Amino acid sequence: NSSDLSPSFILASIPGLEAAQSWMAIPLCSAYILAVAGNCAVLLVVRMEPSLHAPMYFFLCMLAAIDLALATATVPRILAFYWFDSREIGFGACLLQMFLIHSLSAIESTVLLAMAVDRYVAICHPLRHAAVLTNAATAKIGLLAMARGVLFFLPLPLLLLPLPFCGSRVLSHSFCLHQDVMNLACANTTPSVVYGLTAILLVMGLDAVLICLSYILILKAVLRLAAWRERLKVFSTCIAHICVVLAFYVPLIGLSVVHRFGKDLAPLVHIIMGNVYILVPAVLNPIIYGVRTKQIQRRIL
């Protein structure tokens, strides 16, 4: 039916490399196993180590849980496609996956902002840190991050739900993203375009600006210290968080640029950028904090 309101979509394969997809799934599966093992290890270590029961490590647990959920919402379906040639995904399943990807990304962005504020208070107002960022306040921030992600990105699938899809059903990635699904609709998508851009700017865009502002204030406070060794010691407490922020925002910006300006790029670029966006933060975050945090290293060993 050319005006089917509940279509199924076809996940993207790499032209000319269909026969090699089963082999290409092996590094993807390995990265997923590494992400699951690393993030589960972080959750267990923080739970078992009383000295890590502090706001910064509770935020780290939130990141680990988000990364686990995001990777699990996408990678098993990609592996089913690569190994069992299960290319078709239903309309409802696609919208659900799309909502999970965007809402979990928004929650992670909010948690990264909260971690930046934690570093700012710890360095610029150390005497207030224990009073401001209590365990109760940390739990409320986690709930606020979850509500923010859900409320801002729940309208995305709802705006796509009534649209007809009467042309190509082939996606640009091995999973569902809002821009990708929206471009396949054969109707006016202006409300979806406007709302999607507004939501991203008000969540990820605003968070990125506030994180940068936090680090400008942190740098000003650090540069007021007299000794270079003391400056390096204080700023080194922020290195892990800076690396995690870069691991999240660089793939996000790269994927947005590919969607906006990369229509003429090879399909392989879209697929690789999509997989990087999903897996790089989940794999790198526990490694970064494992390397930078001696308590986590000792407990894991």
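Helices here are DSSP runs of H or I that are at least four residues long, and strands are runs of E with at least two. With that in hand, residues 129-154 come out as 88% helix and 0% strand, with their end C-alpha atoms 34 Å apart. Keep in mind that this is a predicted model. The chain holds two disulfides, and a UniProt record, an unreviewed entry, lists a set of transmembrane regions for it. Here's a quick tour.

**Transmembrane spans**

- The unreviewed UniProt entry gives "transmembrane region" for residues 20-45, 57-83, 89-117, 129-154, 193-218, 239-262 and 268-291.
- Take residues 57-83 from that list: in the model this stretch is 100% helix and 0% strand, and its end C-alpha atoms sit 37 Å apart.
- Residues 129-154, also listed in the entry, span 34 Å between their end C-alpha atoms.

**H5 against H8**

- Helix H5 covers residues 135-153 and helix H8 covers residues 190-223; their axes come within 10 Å and cross at roughly 160°.
- Angles over 145 degrees count as roughly antiparallel, so that's the label for H5 relative to H8.
- On the H5 side, the contact is made by Arg 148, Leu 151, Phe 152 and Phe 153.
- H8 brings Tyr 195, Ala 199, Ile 200, Leu 202, Val 203, Met 204, Leu 206 and Asp 207 to the contact.
- Sorted by class, the residues in this H5 and H8 contact are 10 nonpolar and two charged, with no polar ones.

**Ile 141, a stop along H5**

- Ile 141 lies in helix H5 and counts as partly exposed, at 25% relative accessibility.
- Leaving aside residues up to four places away in sequence, Ile 141 touches Phe 59, Ala 114 and Leu 133.
- Ala 69 is 72 residues from Ile 141 along the chain, and their C-alpha atoms are separated by 19 Å.

**The two disulfides**

- Counting bonded cysteines along the chain, the pairing pattern is 1-3, 2-4.
- One of the bonds links Cys 94 and Cys 176, with the sulfur atoms 2.0 Å apart.
- The torsion about that S-S bond is about -120°, so the Cys 94 and Cys 176 disulfide is left-handed.
- Cys 94 is in helix H3 (residues 91-124), while Cys 176 is in the loop between helix H6 (155-160) and helix H7 (178-182), so the bond ties together parts 82 residues apart in sequence.
- Both Cys 94 and Cys 176 are buried.
- Cys 166 and Cys 186 make another disulfide, S to S 2.0 Å.
- Cys 166 is in the loop between H6 and H7, and Cys 186 is in the loop between H7 and H8, so this pair connects parts 20 residues apart in sequence.
- Cys 166 is partly exposed, with a relative accessible area of 39%, and Cys 186 is also partly exposed, at 34% relative accessibility.

- Cys 238 is buried, at 0% relative accessibility.

**A backbone detail at Asp 85**

- Asp 85 is a residue other than glycine with a positive phi, near 55°.
- You'll find Asp 85 in the loop between helix H2 (55-84) and strand E2 (88-90).
- Asp 85 counts as exposed, at 55% relative accessibility.

Notes:
Residues numbered from 1 in each chain as written. Predicted model: local features only at pLDDT ≥ 70, side-chain atom pairs only at ≥ 80, totals over all residues. Heavy atoms only, no water. Axes fitted to C-alpha atoms, helices over the stretch in contact; angles between N-to-C directions. Parallel < 35°, antiparallel > 145°, perpendicular 65-115°, else oblique. Contact = heavy atoms within 4.5 Å. Nonpolar A, V, L, I, M, F, W, Y, C, P; charged D, E, K, R; others polar. UniProt positions renumbered as here; feature names shortened; annotations may be inferred. Buried < 20%, exposed > 50% of the residue type's maximum accessible area, 1.4 Å probe, protein only. Disulfide = S-S within 2.5 Å.
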